[in-house]
Amino acid sequence: MPEPKHAVEKAQMCDIEGCKSEADRSIAGKKVDKAGMKLSSDPSKNAHLCHAHYKELKKKTKTDRTLERLGW
Ligand SMILES: [Zn+2]
């Protein structure tokens, strides 16, 4: 039986507090923090988001941009 490789690819979990989904994307923790989403990891590092939370973040950052435009 072949020995398993030393570097085992481990599934990265979503870094949003309380979320147990598998991460789909990695994004700057600062961006996630700024969007008002709670990270269970260090916000100064890269955060990993599952598909659902990435979508939520995208929605929130989109809203931010719209508000900026309205504030002109
Ligand atoms: Zn998640």
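**Note on the predicted model**

1. The largest nonpolar core consists of 9 residues, namely C14, I16, A23, V32, M37, A47, L49, C50 and L57; such a core is a set of buried Ala, Val, Leu, Ile, Met, Phe, Trp, Tyr and Cys residues joined through C-beta atoms within 7 Å. A residue is buried if 20 or more other C-beta atoms lie within 10 Å of its own, exposed if 12 or fewer, and partly exposed in between, with C-beta atoms placed from the backbone. Of the 72 residues of the protein chain, 17% count as buried.

2. This is a predicted model, in which local features need pLDDT of at least 70 and side-chain atom pairs count only at pLDDT 80 or more, while totals for chains, interfaces and linings use all residues. Residues are numbered from 1 along each chain as its sequence is written.

3. The protein chain has 2 helices and 2 strands, arranged along the sequence as β-α-β-α; helices (H or I, at least four residues) and strands (E, at least two) are DSSP runs, numbered from the N terminus.

4. For the protein chain, the mean pLDDT (the predictor's confidence in each residue, from 0 to 100) is 87, and 78% of the residues reach 70 or more. Confidence is highest in strand 2 (residues 46-49), at 96, and lowest in helix 2 (residues 51-70), at a mean of 82.

5. A47 belongs to strand 2 and is buried because 26 other C-beta atoms lie within 10 Å. Beyond its neighbours within four places in sequence, A47 is in contact (C-beta atoms, placed from the backbone, within 7 Å) with residues including D15, V32 and L39.

Key:
Two residues are in contact if their C-beta atoms, placed from the backbone, lie within 7 Å.
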